[in-house]
Amino acid sequence: MVAAAHAQGTIFFQTLDLADSTPGQDLWQYTFRVADRGFTSGQGFSVFFDEQLYRALQNPGPLVNPEWSVLVVQPDLVLPDAGFFDAQAMQNAPSLSAEFSVQFVWLGEGAPGAQPFTIYDTDYSTLVSGFTVVPEPTSLGLLVAGLLAWAGWRGMSRVRRPRR
């Protein structure tokens with residue numbers, strides 16, 4: 001399922017653990033970036049939030065850009081029904097350069113992970129479905145990390161040990 005979604009549209013995510021504003025509530029933020037997909041007016045995507053793990057979804061603003069209409073719907077335990085973050089294109093070929101974000105209270109253990117998503121057509125039929133993915137590190141990022149590790153190793157190897 002993810003491989004098919006990757007070929008027709010990918011939604012990358014990053015998480016950020018935010019300062020908790022209410023005691024006992026673990027506040028987080030997802031940032032989404034859409035790739036490998038063009039949109040026409042009326043098409044969009046939804047990212048879903050399990051009703052057992054998420055509360056208090058909110059779009060922290062400011063508005064991504066006027067080329068998109070963004071909506072957040074809360075998870076509902078009574079129905080039960082997942083909440084979702086939705087972004088719909090308001091024109092053909094809207095910009096995907098801006099990131100989309102949503103803040104939420106996390107009820108799970110550890111850090112939140114991948115989310116199910118759909119990309120939908122103008123009649124709301126599903127074009128692509130899959131799971132959000134973590135972006136792969138760039139070559140430059142890997143190079144910098146490798147150089148820092150090497151420099152740290154070199155520094156440690158130069159530490160003089162006391163003679164016996």
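The mean pLDDT of this predicted protein model is 84, with 77% of residues at 70 or more; pLDDT is the predictor's confidence in each residue, from 0 to 100. Residues 1-7 fall below 50, and this stretch makes 10 contacts beyond near neighbours in sequence, a contact being heavy atoms within 4.5 Å. Residues 139-143 are also below 50, with 1 such contact. Where pLDDT is low, the predicted coordinates should not be read in detail.

Residues are numbered from 1 along each chain as its sequence is written. In this predicted model, local features need pLDDT of at least 70, side-chain atom pairs count only at pLDDT 80 or more, totals for chains, interfaces and linings use all residues, and side-chain values use heavy atoms, without hydrogens and water.

Turning to the fold, the protein has 2 helices and 9 strands, in the order α-β-β-β-β-β-β-β-β-β-α from the N terminus. These are DSSP runs: helices are H or I of at least four residues, strands E of at least two, numbered from the N terminus.

Of the 164 residues, 34% are buried, meaning under 20% relative accessible area with a 1.4 Å probe, protein chains only.

The largest nonpolar core has 24 residues, and Tyr30, Phe32 and Phe45 are among those with the most contacts inside it. Such a core is a set of buried Ala, Val, Leu, Ile, Met, Phe, Trp, Tyr and Cys residues joined through side-chain atoms within 4.5 Å. Phe32 touches, among others, Phe13, Phe49, Phe85 and Phe100.

Technical notes
Buried means under 20% relative accessible area, exposed over 50%, partly exposed in between (1.4 Å probe, protein chains only). Lists of a residue's contacts leave out its neighbours within four places in sequence.
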